[in-house]
Every structure is written in C-alpha cells, then in structure tokens.
Amino acid sequence: MSERAAPFYCPYCGDEDLRPSEEGHGAWECRACSRAFRLKFLGLLAPGAAGPAPSAAPSASDGGTP
C-alpha cells in the first residue's frame, strides 16, 4: 500500500513550505502565510458524470462583462 499524498503547495499563497499539523489527519500548516487548512478526499465520480452544469452567461453582478 502506498503512503498518503501530501499537498505540493498552499492553496492560499502558493508557497511550498508546508508541514503536517498536530490538529489531526489531513491537517496542514503553511509556514509562509501562517494559515492552517485540512484536506479531505470525498470520493470518485461516477464514470460519465459531468461536472456542475454550466450556468447561463455571466452577468455584471458576478464579475462578468455585460
């Protein structure tokens, strides 16, 4: 059996200076931005399952161009 995968970079600042946290399984600390986060594997998608349904064209209220 293989070892568990570790994150390559911080999801907040992108730095690679990560350490396992004492908070438990899947918890990591970024020494660069002083943030702590937890990773969790949710499962596999069913074969042929598409991602979220595409929404209508973006409006000006959600950052799209009018």
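Of the 66 residues that make up the protein, 15% count as buried. The structure described here is a predicted model, and its secondary structure comes to three strands and zero helices, so that the pattern read along the sequence is β-β-β. Among the contacts in the protein with a separation of 6 or more, 9% are accounted for by residues 24 or more positions apart.

S21 is placed in the loop that runs between strand 1, which spans 18–20, and strand 2, which spans 27–30. The relative accessible area of S21 is 11%, and because buried residues are those under 20%, S21 is assigned to the buried class. When residues up to four places away in sequence are not counted, S21 touches A27, W28 and E29. With E29 there is also a polar contact, made between the side chain of S21 and the side chain of E29 at 3.3 Å.

The cysteines were examined next. A search of the whole structure finds zero disulfides. For C13, the closest cysteine sulfur is that of C30, and the two sulfur atoms are 3.7 Å apart; since a disulfide requires a pair of cysteine sulfur atoms within 2.5 Å, this separation is too far for a bond. C33 likewise is in no disulfide, the nearest cysteine sulfur being that of C30, at 3.7 Å.

Open space in the model was considered last. In general terms, rolling a probe the size of a water molecule over the atoms shows where empty space is left. The largest pocket holds about 380 Å³ of space. Its lining is formed by 13 residues, and those that lie nearest the centre of the pocket are R4, A5, H25, G26 and L39. By residue class, the lining of the largest pocket divides into six nonpolar, four polar and three charged residues.

Taken together, the predicted model presents a protein of three strands without helices, in which a search for disulfides finds zero, and in which the buried residue S21 lies in the loop between strand 1 and strand 2.

How values were computed: Residues are numbered from 1 along each chain as its sequence is written. This is a predicted model: local features need pLDDT of at least 70, side-chain atom pairs count only at pLDDT 80 or more; totals for chains, interfaces and linings use all residues. Side-chain values use heavy atoms; hydrogens and water are left out. Helices (H or I, at least four residues) and strands (E, at least two) are DSSP runs, numbered from the N terminus. Buried means under 20% relative accessible area, exposed over 50%, partly exposed in between (1.4 Å probe, protein chains only). A polar contact is a pair of N or O atoms within 3.5 Å; within protein, one must be able to donate a hydrogen and the other to accept it, and residues adjacent in sequence count only if both atoms are side-chain atoms. Contact means heavy atoms within 4.5 Å. On a 1 Å grid over the protein atoms alone, a cavity is a set of points where a 1.4 Å probe fits but cannot get out, and a pocket is an open set with protein on both sides within 12 Å along at least five of seven lines; lining residues have an atom within 4 Å of a point. Grid points are joined across faces, edges and corners, and a volume is the space filled by probe spheres set on the points. Ala, Val, Leu, Ile, Met, Phe, Trp, Tyr, Cys and Pro count as nonpolar, Asp, Glu, Lys and Arg as charged, and the others, Gly among them, as polar.
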